[in-house]
Protein chains: 2
Amino acid sequence: MSVTAVYNVTGMTCGHCEKAVTEEVSALPGVAEVKADAAGGTVTVVSENPLEEDAVRAAVDEAGYELTGRV
Amino acid sequence: MSVTAVYNVTGMTCGHCEKAVTEEVSALPGVAEVKADAAGGTVTVVSENPLEEDAVRAAVDEAGYELTGRV
């Protein structure tokens with residue numbers, strides 16, 4: 001089983017931004033897949049178990065962007 | 001002595017873009033300093049001698065952006 005969550009992330013403008021967010025969020029324990037979409041302002045995260053939103057927010061913040069909530 | 005040239009570059013949207021352009025242009029022979037400005041759409045290049053614009057254009061293209069001319 002896996003869990004998919006979609007988050008709103010502001011500030012991403014290009015593929016480099018998507019890559020920065022993807023790298024940070026991918027490093028979280030239990031994360032299987034990450035898809036960042038600058039145009040849509042979203043990050044989709046597939047994980048083995050539900051993630052703490054604060055952990056995802058911290059990873060996004062580390063990349064230099066802001067997680068504003070769940071879609 | 002050194003030569004400073006400013007080029008118009010389209011497509012840069014963020015600091016990651018500036019970094020990508022800076023890295024490619026900095027690798028050109030004779031380049032001493034590069035400053036990419038996404039907001040202004042410019043790249044300023046300081047070199048020991050005048051550069052061939054085609055060489056700078058190729059480096060910018062390699063980074064994924066387009067040099068459209070001299071300022």
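Reader: Why is Arg57(B) called partly exposed?

Author: This is a predicted model, and its values are computed from the atoms. Arg57(B) has a relative accessible area of 30%. Buried means under 20%, and exposed means over 50%. A value of 30% falls in between, so Arg57(B) is partly exposed.

Reader: Which residues are joined into one network by salt bridges that share partners?

Author: The network takes in Glu53(A), Asp54(A) and Arg57(A).

Reader: What makes Asp54(B) exposed?

Author: The relative accessible area of Asp54(B) is 57%. The cut-off for exposed is over 50%. Asp54(B) passes it, so the label is exposed.

Reader: How do you know that Asp54(B) and Arg57(B) form a salt bridge?

Author: Look at the gap between their side chains. It is 2.9 Å from N to O. The rule asks for a nitrogen of Lys or Arg within 4 Å of a carboxyl oxygen of Asp or Glu. The pair meets that rule, so it counts as a salt bridge.

Reader: Why are Asp54(B) and Arg57(B) about one helical turn apart?

Author: Both sit in helix α2 (residues 53-63) of chain B. They are three residues apart there, which means a separation of about one helical turn.

Reader: What about chain A? How do you know that Asp54(A) and Arg57(A) form a salt bridge?

Author: Their closest N and O atoms are 2.9 Å apart. That is within 4 Å, so the pair qualifies. In chain A, helix α2 (residues 53-63) holds both residues, three residues apart, about one helical turn. Asp54(A) has 56% relative accessibility and counts as exposed. Arg57(A), at 30%, is partly exposed.

Reader: What makes Lys19(A) and Glu23(A) a salt bridge?

Author: Their side chains meet at 3.3 Å, N to O. The limit is 4 Å, so this pair counts too. Both residues lie in helix α1 (residues 15-26) of chain A. They are four residues apart, about one helical turn.

Reader: How many salt bridges does the structure hold over all chains?

Author: The total is six. Between chain B and chain A the count is zero.

Reader: Why are the two copies said to be related as by a two-fold rotation axis?

Author: Chain B can be laid on chain A by a turn of 180°. The shift along the axis is 0.0 Å, and the RMSD is 0.0 Å. The two copies are therefore related as by a two-fold rotation axis. Both copies use the same surface: 100% of the contact residues of chain B recur in chain A.

Reader: What makes Thr42(B) buried?

Author: Its relative accessible area is 17%. Thr42(B) lies in strand β3 (residues 42-47) of chain B. Beyond neighbours within four places in sequence, Thr42(B) is in contact with residues including Val6(B), Tyr7(B), Met12(B) and Val71(B).

Reader: And why is Thr42(A) called buried?

Author: Thr42(A) has 17% relative accessibility, under 20%, so the label is buried. Thr42(A) is in strand β3 (residues 42-47) of chain A. Leaving aside neighbours within four places in sequence, its contacts include Asn8(A), Val9(A), Lys35(A) and Asp37(A).

Reader: How do you know that Pro29(B) is exposed?

Author: Pro29(B) has 72% relative accessibility. That is over 50%, so Pro29(B) counts as exposed. Pro29(B) is in the loop between α1 (15-26) and β2 (31-37) of chain B. Its C-alpha atom is 19 Å from that of Arg70(B), and the two residues are 41 apart along the chain.

Notes
Residues numbered from 1 in each chain as written. Chains lettered and ligands numbered in written order. Predicted model: local features only at pLDDT ≥ 70, side-chain atom pairs only at ≥ 80, totals over all residues. Heavy atoms only, no water. Helix = DSSP H or I, 4+ residues; strand = E, 2+ residues; numbered from the N terminus. Buried < 20%, exposed > 50% of the residue type's maximum accessible area, 1.4 Å probe, protein only. Contact = heavy atoms within 4.5 Å. Least-squares fit on C-alpha atoms with pLDDT ≥ 70 in both.
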